[in-house]
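Me: I have a structure to go through and would like to ask some questions about it. Here it is.
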Amino acid sequence: MNKSELINAVADAANMTKADAGNAIDAVFAAITAAMKSGDDVRLVGFGSFSVASRPHRTGRNPRTGETLVIPASKSPKFTAGKRLKDTINGR
């Protein structure tokens, strides 16, 4: 499912226009992104949790030249599925 298919599904399920559904989905994504950018976790009970994982800097190796290099520290988004979502997917 891509974003336009999600918008169509939400519009049908909530009996709203596709434009309103698109605006609602964009607002949800923006709120989740803003919370994660400020370092907060987003927990949606039954669905899952969005959080930010920190990766420390580390040394790596260029596979072509064999040269050692430093890979800088970074942050990456992380999603952990909730119990209800896992159970639904597994048919329980």
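Me: Let's begin near the end of the chain. Is Arg-92 buried or exposed?
Reply: Arg-92 is exposed, because its relative accessible area is 72%. Exposed means over 50%, buried means under 20%, and partly exposed is in between, using a 1.4 Å probe and protein chains only.
Me: Before going on, what kind of model is this?
Reply: This is a predicted model, in which local features need pLDDT of at least 70 and side-chain atom pairs count only at pLDDT 80 or more, while totals for chains, interfaces and linings use all residues. Residues are numbered from 1 along each chain as its sequence is written, and side-chain values use heavy atoms, with hydrogens and water left out.
Me: OK. Which residue does Arg-92 form a salt bridge with?
Reply: Asp-87, with the closest N and O atoms 3.6 Å apart. A salt bridge here is a side-chain nitrogen of Lys or Arg within 4 Å of a carboxyl oxygen of Asp or Glu.
Me: Where do Lys-83 and Asp-87 lie?
Reply: Both are in helix H3, residues 83–89, and they are 4 residues apart, about one turn of the helix. Helices are DSSP runs of H or I with at least four residues, numbered from the N terminus.
Me: How many salt bridges does the structure hold?
Reply: There are 4. One of them joins the side chains of Lys-3 and Asp-26, at 2.5 Å, N to O. That pair links distant parts of the chain, with Lys-3 in helix H1 (residues 3–14) and Asp-26 in helix H2 (residues 18–37), 23 residues apart.
Me: How accessible is Lys-3?
Reply: Lys-3 counts as partly exposed, because its relative accessibility is 40%. Asp-26 also counts as partly exposed, at 36%.
Me: New topic. How is the chain divided into domains?
Reply: The assignment gives domain 1 (1–39) and domain 2 (41–91). Such bounds come from an automatic or database domain assignment. The C-alpha centres of the two domains lie 23 Å apart. Their contact, meaning heavy atoms within 4.5 Å, takes 4 residues from domain 1 and 7 residues from domain 2.
Me: What area do they bury between them?
Reply: About 440 Å², 83% of it on carbon and sulfur atoms. Buried area is the accessible area (1.4 Å probe) that two parts lose on being put together, summed over both. On the domain 1 side, Ile-32, Met-36 and Gly-39 supply 89% of the area buried against domain 2, more than any other three residues.
Me: How many salt bridges are there between domain 1 and domain 2?
Reply: The count is 0.
Me: Last one: where does Leu-6 lie, and what does it touch?
Reply: Leu-6 lies in helix H1. Not counting residues up to four places away in sequence, Leu-6 touches Met-1, Ile-25 and Phe-29. At 28% relative accessibility, Leu-6 counts as partly exposed.

Conventions:
Helix = DSSP H or I, 4+ residues; strand = E, 2+ residues; numbered from the N terminus.
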